[in-house]
Structure formats: C-alpha cells, structure tokens
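Look at the sequence and the structure below.

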Amino acid sequence: MASAYQNVGLYMAIVVVAQHEFPSLSPKNETQNSKFSVLFLSLLLILFSTVSSWKKDEFRNCNQTPFCKRARSRKPNSCSLIAVDVAISDGDLTAKLVSRTPTEVYSVVENENGKTPDPDQNQEEQDNQEQKQDDQSAAPIKPLILTLSVYQDGILRLKIDEDPSLNPPKKRFEVPDVIEPHFLDKKLWLQRFSEEVIDGDSESSIIIYLADGYEVVLRRDPLEVFVRKKNGGKRVISLNSHGLFDFEQLRSKKDGDNWEESFRSHTDSRPYGPQSISFDISFYGADNVYGIPEHATSLALKPTRGPGIEFSEPYRLFNLDVFEYIHDSPFGLYGSIPLMISHGKRGGTSGFFWLNAAEMQIDVLGDGWDSGESKISLPLDQRRIDTLWMSEAGVIDAFFFAGPGPKDVIRQYVMVTGMPAMPQLFAAAYHQCRWNYRDEEDVEHVDSKFDEYDIPYDVLWLDIEHTDGKKYFTWDGVLFPHPEEMQQKLAAKGRHMVTIVDPHIKRDGSYFMHKEATEKGYYVKDATGNDYDGWCWPGSSSYPDILSPEIRAWWADKFSYKNYVGSTPSLYIWNDMNEPSVFNGPEVTMPRDALHVGGVEHRELHNAYGYYFHMGTADGLLKRGDGKDRPFVLSRAFFSGSQRYGAVWTGDNTAEWEHLRISVPMVLTMGLTGLTFAGADVGGYFGNPEPELLVRWYQLGAYYPFFRGHAHHDTTRREPWLFGERNRELMRDAIRTRYVLLPYFYTLFREANTTGVPIMRPLWMEFPADEAAFSNDEAFMVGNSLLVQGIYTERAKHASVYLPGGESWYDLRSGTSYKGGATHKLEVSEEGIPAFQRAGTIIPRKDRYRRSSTQMANDPYTLAFFSSEL
Ligand code: NOJ
C-alpha cells in the first residue's frame with residue numbers, strides 16, 4: 001500500500017494513542033506507564049523512520065529488474081548483428097540486421113521463472129539457474145528491419161523493429177500521438193547514398209546527407225550508425241560503437257515456458273517473454289550530458305558506472321509516485337523524458353531522443369568503464385561520453401539532433417514533439433494551494449487575507465477533499481455547497497480557481513463516471529481481462545483506458561460546463577496521481593501485464609499513461625471554451641510532448657534546504673527537455689519549513705516558470721501572513737517581484753511557445769563557450785537577460801556568484817554593476833536573493849501593485865534597460 005496512504009494511517013494511530021493513553025498515566029500506574037513509554041517510543045521511532053525516509057524497498061533496483069541486470073552485464077562488442085540488403089525505399093534508407101553467424105541463438109540471462117535474484121543466494125547457484133533458463137528459452141535471432149530517415153534542420157530518425165513479414169506474435173508498441181503531425185511533412189526524401197570504407201572494414205559503409213555540414217554513416221560490419229561533420233569527419237553522436245546493441249524478440253509461449261517475474265508480492269505474467277532492447281550511444285566533444293528527467297539530481301548528469309563511481313544505479317525512467325523522495329538520486333520519479341543533451345566547449349551541443357514509453361534505465365558511463373574492452377576503433381582525439389540505454393519493451397524509434405548549439409537542439413526536439421502551450425497570463429502569476437482548503441469559508445478567508453496584506457495572487461486551488469467522497473467532478477455538498485458562487489466571487493477580483501481531477505475512478509455503483517465507464521468498457525483491464533481494480537484515495541478504483549482516442553474524447557467531455565456541475569469559466573484543472581499511482585500495485589503503480597485497447601500491455605505504455613490524461617483534460621478545457629479559452633492543466637506525470645498540454649511540477653518535495661537547492665536542477669532539466677512550464681512546491685510539500693527557509697523559497701520560486709505554494713495536510717498552515725510582520729513583508733515582496741516581471745515572463749512564455757527555448761535556462765545555454773558555467777546549477781538564467789542565484793543555506797551572509805560572459809551585470813535591487821566572467825563574493829541580505837540584469841538587455845515590467853494579474857491589464861509598462869557600458 002502506498003506510503004502516502006500508510007503515513008496518513010500512522011498519523012491517525014499516533015493521534016489515537018495520544019488521546020486514549022495519556023489520561024491513564026499516573027505515578028500509581030508505573031507498569032502501564034512504562035508500557036506506554038515503550039509503545040510511544042516505538043511509535044515515535046516508526047514515525048521518524050516513516051517520515052524521514054524514502055521507502056527504497058518498495059521499488060526495484062537494476063539488479064532486481066532482469067532486463068536491466070542482463071543489459072548491464074553484457075560485454076562490449078557482444079553484438080553480432082550486421083547490416084545487409086541496404087536500399088533506398090520511399091525516401092528512407094533501409095537495411096536488414098542479421099546475425100553474422102546465421103545459426104546464432106538468443107541467450108536470455110535470467111534466473112529460474114524470471115524471478116528477482118535473491119541477494120542471499122550464492123552466486124554460483126544463481127548463475128546455474130540463469131543458465132538453465134537460458135537453455136530453455138534460447139531462440140534463433142530473426143532479422144530486424146532498420147530504417148533511417150532524414151528531416152529538415154539536422155534531424156535523423158532511426159527505427160529498428162521486428163520484421164512484420166516474419167509474423168511476430170504481435171506488433172510491438174509504438175507510442176502514438178507524441179510526434180507532432182507537421183513534423184512528418186519535414187522529411188527529406190533520400191534519393192541516393194554513397195559508400196566509403198572505414199577503418200579497413202571488409203565491407204564499405206553507407207553515407208547519406210543529413211544537413212549542410214553533416215552526414216550519417218551506416219556501418220555494416222561491425223554495425224554502427226553515426227552522425228559526423230562533413231569537414232574533417234568529426235563524429236557527433238553514434239549508436240552501437242561499443243557493440244552493446246541487443247533486441248529481444250517476442251515469442252509465443254510453448255508448454256513449459258515460464259516467463260513470470262516476481263517482485264515482492266506481485267507477479268508479472270510476461271506473456272511474450274523478455275522483450276527488452278538495449279544499446280550504447282556515444283556523444284563526442286562532450287564535457288557533460290544533461291536531460292532525461294525526472295530525477296532529483298544535479299543538472300550535469302553524474303556517471304553511474306565506471307571506476308570510482310558514486311551512483312551504482314542507472315538513471316531510471318519509470319513514472320512512479322515516490323513518497324518523500326530523496327535529493328541526489330538517479331531514482332525515477334513521476335515523469336519521464338528520454339531525451340539526453342550533450343554539451344562541450346569543443347563539440348557543441350547535440351541530442352538523442354528515444355521515443356519509447358516502457359521502463360527505461362540509462363547508464364552514463366564514466367571514463368574507463370569498459371576497461372579497454374570495446375573493440376571498434378573510436379577516435380581518440382575526441383572527448384566522448386558513452387551511455388547505455390535499456391528499455392523493457394517497445395521498438396527503437398530514436399532521433400539524433402545535430403545541434404550545433406543548445407537552442408538548436410531544443411528547437412529540433414520540439415519540432416518532433418511539439419511546442420510548449422501558450423498559457424494565459426494568470427497562469428504565469430502566483431498560485432496558492434494546500435491540501436486542503438477546508439470549505440467555502442476557508443477559501444473566502446484565505447482570499448481576503450491576501451487582500452488585507454496587499455499580497456497579489458491569481459489562483460486558489462482545491463485538493464481532493466473538495467469532492468464528494470473522492471469522486472472527481474463532484475463537490476462535497478456540506479463543505480462546498482455553492483461552488484459556482486465561490487468561483488464567481490474570486491472571478492470578480494480577477495482570480496481563478498483550480499480543482500483536482502485524478503485518474504482513478506471510485507468503484508461506486510451510484511457514481512456516474514463509474515457507471516458509464518463500466519457500461520462502455522472504458523477501463524484498463526487486468527491480465528485476465530476484467531476491469532482492473534486498484535486502491536487509491538477513494539479506496540477500490542478503476543482507471544480509464546485513456547490511450548484510446550474514443551475514451552479520451554469521453555474524458556474530455558466531462559469538463560463541459562454541463563457535465564462538470566458547479567464548474568464555471570474561471571475554473572481550471574489539476575491532474576494528479578496519473579503515473580498512475582496505485583497504492584496496492586507493484587511499486588505503487590499498475591501491473592505491467594494490465595491490458596489497454598488493442599492488446600497493448602501496460603509495460604509498453606506505462607511512462608506515457610499520465611501524458612494522455614494531461615492531453616485529454618487540456619482538450620476538454622479547450623472544447624469547453626469552444627477553442628477560444630487557453631486551457632490551464634497541471635499534471636504530475638509527464639512524457640515527451642507534455643509541454644503541449646500545460647504545466648508540470650516536481651511533486652512531493654520536502655521542506656528542507658537541500659530540496660530547495662535540488663529544485664533548481666530539476667526545473668532546469670525539465671526546461672531543457674521541452675517542459676518549459678514547470679516549478680516545485682514552494683515551501684516544500686512535506687514538513688514545516690522554518691520561516692527563513694520559506695522566505696528563501698518564495699524568493700527563488702518567484703523565478704520558477706510555475707510558481708505555486710503548496711503543502712501536505714499534516715503541515716501547519718503556512719500562508720505568507722502567518723509568520724510575523726517582517727516575514728510577511730519579505731514574502732510579499734518576493735511575490736510582488738514576480739508580478740513586476742510578469743510582462744517579461746509572459747514574453748518568455750511566448751518565446752518558448754514559438755521556439756521551445758525554456759524560460760528558466762542553464763547558464764551554458766546563454767554562454768555555451770563558458771566552461772565555468774557548464775555544471776553550475778545553483779544559478780540560472782530567466783530568459784537571456786536575468787541571472788538568479790538561489791540562497792540554499794540558513795543565515796547566509798555571503799554568496800559566491802559567478803557572472804558569465806564579457807558584459808557587466810546589474811544588481812536588480814541596488815543597480816550596482818559587476819563585471820562578467822568572474823566570481824563575486826557578495827553580501828546577502830534577507831531582503832532577496834541575488835538577481836542581476838545583463839547589460840545591453842531590456843526587461844519589460846509593470847511596477848504597480850495590484851491584487852491579481854488580471855487587474856494589471858491596463859497598467860503602464862516600464863522598460864528596464866541597462867547599457868553595456870560600465
Ligand atoms: C499527491 C500530490 O503530489 C500532492 O500535491 C497532493 O496534495 C496529494 N496527492 C493529494 O491530492
């Protein structure tokens with residue numbers, strides 16, 4: 001059961017003990033007293049360990065995940081495939097991948113029954129079992145089909161799949177509705193290829209045009225695909241340069257085959273056997289690699305394998321509801337974007353994107369990882385970062401982005417996956433949330449306090465308790481009897497409301513959503529074909545099969561004013577728990593062998609499940625407003641393309657300084673991978689922040705693209721006026737800073753909407769040649785004009801701020817100028833965090849203080865300009 005849920009239970013247990021046991025304590029009753037102390041202490045201990053630790057054991061590590069363990073144990077150069085029958089067909093280059101030795105068979109290294117290896121079992125025993133399974137499941141390698149297509153602007157697409165003419169047991173899943181339809185019109189129809197012998201190979205390699213200055217090489221034997229520069233032939237990105245490519249083909253079950261896989265109390269039936277894919281990708285001229293959210297870790301990704309490496313787990317991409325995640329871990333969180341960006345002083349920027357929604361694990365391989373075992377000769381003069389990509393299922397549908405600059409790679413990526421949506425102005429302003437604002441009176445009270453203290457805000461949020469028994473699209477009749485009136489009151493001040501709509505549907509026969517979904521057969525099915533029944537906030541719940549366009553349209557219709565009774569035009573939506581979170585499911589999510597429309601297994605689609613909810617909800621809001629009202633939808637789960645549907649946030653963080661710090665690389669990474677509209681819960685979701693931390697969080701959060709204060713129901717109330725006058729002023733000033741800068745933010749949202757370039761940017765995106773900026777993730781740019789440095793420690797008196805580039809920078813509050821290209825040790829006051837405007841830039845502002853962004857509509861603009869002269 002989910003830890004979030006358990007924690008609620010534990011909290012309740014402590015309250016009960018406190019109420020029933022304390023009165024009986026008396027000197028006369030020492031035995032009882034000491035019993036109580038033991039009980040109380042144990043409860044405290046449990047509470048402490050529950051509250052302060054991430055439940056690692058609930059989740060699988062790579063060694064407990066057979067495909068990951070298998071792929072990681074492969075030796076360099078173990079791929080035996082070569083490319084044959086190369087041809088041009090329909091403007092693409094195609095080839096067959098066959099085994100160099102045609103009788104070769106698969107060796108599937110798994111232990112008996114595919115069970116998670118028991119760490120206590122001795123190695124020899126384990127290896128014997130794995131070998132046994134090997135022999136049982138060995139199968140001949142069938143040819144695979146490789147297709148290379150070239151698109152405008154330096155984009156190479158590579159697909160590898162099973163050959164449909166060889167009748168695989170089913171079609172492997174290709175993620176629909178992610179590729180922007182217009183992208184397909186940008187294909188460059190290949191007419192010819194040339195040939196060249198590389199490194200004394202026995203066969204010539206095939207060369208095709210990619211873009212001016214770039215070409216693609218398909219090396220037949222050993223199999224390799226790479227992008228290189230035309231002049232000088234320097235490599236940019238390559239696939240299979242270390243011979244780690246592997247593609248497990250689907251199989252039909254025969255008597256005696258047992259591919260079941262167990263983790264804790266869950267068993268996955270795996271009806272098609274192991275079907276994973278893995279390969280190595282190398283980035284040349286790279287000083288660092290970035291991207292592949294969502295992890296609470298540094299911006300520049302640390303190596304996960306190799307001599308002296310601290311992370312021994314790969315970066316995991318598997319959308320999960322992780323209770324109290326820890327900072328600095330490669331562990332997978334709520335969303336997944338399989339896009340990695342490489343950047344180097346000499347090599348420029350390039351990117352690699354694998355459109356695949358199954359569980360993925362990615363190793364960043366540190367220098368010396370292969371102990372010199374890779375046999376394919378790689379250019380020694382080019383600095384390189386090698387990576388290993390492993391996915392449980394699906395196909396290879398991968399995109400290579402040639403760059404050459406950081407903004408080029410992002411433009412190339414959003415050409416494939418779509419531009420970030422343009423929000424309404426109000427959504428770019430400050431949002432006030434809490435689990436929960438109790439009732440209409442509470443809403444009115446909070447709203448009036450913002451006015452009383454002259455603190456602007458635009459949106460008030462209602463979490464799950466506003467519903468009738470966690471039945472979304474309904475209202476608790478006692479607590480929220482007049483939802484329309486409540487929204488209208490806010491709207492009269494130019495404010496909006498957001499309500500939560502989660503994907504789990506309460507299995508309650510009287511609930512219209514459940515009735516309709518059941519009658520129409522709209523739920524995801526379990527492996528036996530029945531409606532999947534899992535446990536979430538409402539208790540027993542089922543989950544709409546949102547992959548289906550028909551079911552998505554049904555979902556979208558639920559947001560019409562007629563269907564969502566009590567909703568008004570100023571109401572927008574929050575999709576939470578859409579990984580999906582299933583409290584009693586394996587790893588707190590849906591079983592991998594659950595079934596979606598068309599026989600798609602959940603394992604193939606998992607990372608995109610939440611994405612389709614985001615899409616369906618945004619479509620619903622668009623439809624509701626006859627296409628004229630720009631939707632606002634916040635989603636916790638995300639996948640490539642989510643940027644088209646709205647905002648995302650970093651989920652349930654904690655009120656700790658380290659979480660404030662990690663929020664910056666997390667939001668920067670989201671921006672680098674298309675998710676411009678992102679933020680972290682200001683204040684930290686779990687725990688009670690010290691006022692100083694809360695103030696610093698507001699000062700930093702004012703620069704997140706998505707700026708929302710939010711907190712768990714166990715925390716004490718923390719609206720900005722609750723911490724004394726001085727702290728209230730400090731928080732108000734931080735929020736006002738955001739309002740003053742709203743015209744600048746809005747302009748940046750539009751820039752993102754037309755180019756994909758994020759609002760919050762790593763320094764190296766603006767200063768790509770400045771090495772000192774490459775791994776700086778404590779400071780960031782907002783657009784190209786503002787640099788912000790967070791303060792991440794208590795009682796900080798000074799901060800070291802690196803100001804890149806040759807121009808000077810002007811302190812936003814004092815106007816003092818500082819030289820670029822240097823680190824400055826600056827005094828820090830409680831009044832704000834260091835923020836600077838770059839010389840030679842203009843920032844549009846609105847300097848009058850109002851209650852909400854809507855009320856600023858007719859206010860004059862101020863243009864802040866700092867000249868490039870000192
Ligand atoms: C989990 C979300 O991450 C959190 O923000 C929300 O308050 C709770 N679910 C309750 O809905």
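The accessible surface of the protein is about 31600 Å², and 51% of this surface belongs to carbon and sulfur atoms. Such areas come from the Shrake-Rupley method with a 1.4 Å probe, and for residues only the protein chains shown count as cover. This is a predicted model, in which local features need pLDDT of at least 70, side-chain atom pairs count only at pLDDT 80 or more, and totals for chains, interfaces and linings use all residues. Residues are numbered from 1 along each chain as its sequence is written, and side-chain values use heavy atoms, with hydrogens and water left out.

The protein has 16 helices and 45 strands; these are DSSP runs numbered from the N terminus, with helices (H or I) of at least four residues and strands (E) of at least two. Of its 870 residues, 63% are buried, where buried means under 20% relative accessible area with a 1.4 Å probe, protein chains only.

Aromatic pairs number 50 in the structure. Rings of Phe, Tyr and Trp (its six-membered ring) pair if their centres lie within 6.5 Å; planes under 30 degrees apart count as stacked, over 60 as edge-to-face and the rest as tilted. The pair of Y151 and F183 is stacked, because the ring centres are 4.1 Å apart and the planes lie at 25 degrees. Y151 belongs to strand β3 (residues 144–151) and F183 to the loop between β4 (155–162) and β5 (187–188), so the pair ties together parts 32 residues apart in sequence. Y151 is buried at 4% relative accessible area, and F183 is buried at 0%.

Technical notes
Buried means under 20% relative accessible area, exposed over 50%, partly exposed in between (1.4 Å probe, protein chains only).
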